[in-house]
Amino acid sequence: MTTTELPLLVLGRGTDSRSEPGVDCPGSLPAASDPDLVARARAAKEALGDRVFVLGHHYQRDEVIEFADVTGDSFKLARDAAGRPDAEYVVFCGVHFMAESADILTGPDQAVILPDLAAGCSMADMAGLAQVEDAWDALEDVGIASSVVPVTYMNSSADIKAFCGKHGGAVCTSSNAQVALEWAYAQKKDAKVLFLPDQHLGRNTAVRELGMSLDDCVVWNPHKPNGGLTPGQLRDARMILWKGHCSVHGRFTAQCVDDVRERVPGVQVLVHPECTHEVVTKADLVGSTEFIIKTVEAAPPGSSWAIGTELNLVQRLANAHPEQHITFLDKTVCYCSTMNRIDLPHFVWAMENLVAGHVVNRIEVDPETERWAKVALQRMLDLPARTAGKD
Ligand code: 13P
Ligand code: SF4
């Protein structure tokens, strides 16, 4: 029997600095069952004081969120990271691409730390730089690259953001995808957008917010010659969607929506725009994680919600709002496994190392990538503020 080399680094096996899921934690990690972990985390945080700034994404576990100085979606956290130039250490409780963005937006003397390097993102891994460069070459061959503006979702690696910065494009998040696309289409006459790496956010925004038709969108499959598209299809398209998706939000189906409506009379279905177009079309409300939180917070007691986003957030909302009926849209449990890699033992390990003067798991983007990724991120930060979320 012959063995084939796996194209992806399997979680838990060694470290590859070029890949998101590196997994080494030098030294010993506190045991998950250690009853003193909470006290140790508190003590380390107190010892570091203002020298450390802890950021927590909404999909993090409760045990970690408890120690976050600020919580937010990826857009808010990017802003927050840029707003604390005095903090020596920025401990990012989120995933690798978020920590990279924080490194790009903070000063050279600030160290950004990701408590577990295995906290990657399968969606970000679906667009590699070499694949995107090949796609761009193909667009050049078809003669349309000069009218294409690349826009990448925040959920992408720093080198994809840099690619967008270099080619006149920008970054967007689920909070500002509509404004970012309006900006992109205003950049050139008869502009087309190459949207990376989440086809669902791209399609949902183009069709629901910008009034395009599904026929205006084509899907570029990086595993097929010429993306699996003909030159004519590329020339006619207004939106070229990269074939990537979120493995968590991609689980929700139209059947889940039908089932919950049958189970819970009067329920309102509230989903993230990383869900498929079919799910989003059947939902009552669609928006970023910040939008989902604000919607629930503003709802009257007795409201019923079926929420289609990561389970840690849905559970936290349900616990915080016992006066409402909050349920998870899927019947089966689904956490984001990579977000969940950041647990209390890794957090304590990173913080205690900082107290001892050792910077572990520092996320550093190389200067050339940083320069161009910053251009794309800054274009996003300069967009007029408008939060996504519509019925
Ligand atoms: P936002 O934080 O932009 O809502 O994105 C959701 C997500 O999947 C983060 O990984
Ligand atoms: Fe990536 Fe989806 Fe997890 Fe977000 S929820 S980190 S997009 S896999």
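Modeller: Ground rules first. This is a predicted model, where local features need pLDDT of at least 70 and side-chain atom pairs count only at pLDDT 80 or more, while totals for chains, interfaces and linings use all residues. Residues are numbered from 1 along each chain as its sequence is written, chains are lettered from A and ligands numbered from 1 in the order written, and side-chain values use heavy atoms, with hydrogens and water left out.

Colleague: Fine. Which residues come nearest to ligand 1?

Modeller: H57, S74, S174, H272 and T289, out of 13 residues around ligand 1. A residue is near if one of its heavy atoms lies within 4 Å of the molecule.

Colleague: Which side chains have an N or O atom 2.9 Å from an oxygen atom of ligand 1?

Modeller: S174 has one at 2.9 Å from a ligand oxygen. T289 also has one at 2.9 Å. For Y153, a polar side-chain atom lies 3.3 Å from an oxygen of ligand 1. The cut-off for a polar contact is a pair of N or O atoms within 3.5 Å; within protein, one must be able to donate a hydrogen and the other to accept it, and residues adjacent in sequence count only if both atoms are side-chain atoms.

Colleague: How much of ligand 1 does the protein bury?

Modeller: 95% of the 300 Å² that ligand 1 exposes when taken alone. Areas are Shrake-Rupley with a 1.4 Å probe; for residues, only the protein chains shown count as cover.

Colleague: What does UniProt list as "binding site"?

Modeller: An unreviewed UniProt entry lists H57, S74, Y153, M154, N155, S174, H272, P273, E274 and T289. Of that set, H57, S74, Y153, N155, S174, H272, E274 and T289 are in the lining of the largest cavity. The positions use the numbering here, feature names are shortened, and annotations may be inferred rather than shown by experiment.

Colleague: How is a cavity defined?

Modeller: On a 1 Å grid over the protein atoms alone, a cavity is a set of points where a 1.4 Å probe fits but cannot get out; lining residues have an atom within 4 Å of a point.

Colleague: Take H57. Where is it, and is it buried or exposed?

Modeller: H57 sits in strand β1, residues 52–57. Helices (H or I, at least four residues) and strands (E, at least two) are DSSP runs, numbered from the N terminus. H57 is buried because its relative accessible area is 4%. Buried means under 20%, exposed over 50%, partly exposed in between, with a 1.4 Å probe and protein chains only. Beyond four places in sequence, the contacts of H57 include S74, L77, M98 and M339. Contact means heavy atoms within 4.5 Å.

Colleague: And where is H272?

Modeller: In the loop between β10 (268–271) and α12 (277–282). H272 has a relative accessible area of 2%, so it counts as buried. Its contacts beyond four places in sequence include Y153, S174 and T289.

Colleague: Where do C246 and C336 sit?

Modeller: Both are in loops. C246 is between β9 (239–242) and α11 (254–263). C336 is between β13 (325–328) and α15 (344–355). C246 is buried, at 11% relative accessibility. C336 is buried too, at 14%.

Colleague: What do they touch?

Modeller: Leaving aside neighbours within four places in sequence, C246 is in contact with M123, D198 and E274. On the same terms, C336 contacts V248 and E310.

Colleague: What about H200?

Modeller: H200 is in helix α9, residues 199–209. H200 is buried, with a relative accessible area of 10%. Its contacts beyond four places in sequence are H245, P273, E274, C275, T276 and H277.

Colleague: Backbone check. What is phi of N226 and of N361?

Modeller: N226 has phi near 55°, positive in a residue other than glycine. N361 is near 50°, also positive and also not a glycine. N226 is partly exposed at 30% relative accessible area, whereas N361 is buried at 9%.

Colleague: Last one. How many residues of α4 are buried?

Modeller: 10 of its 10, over residues 96–105. Among them are H96, M98, E100 and D103.

Conventions. On a 1 Å grid over the protein atoms alone, a cavity is a set of points where a 1.4 Å probe fits but cannot get out, and a pocket is an open set with protein on both sides within 12 Å along at least five of seven lines; lining residues have an atom within 4 Å of a point.
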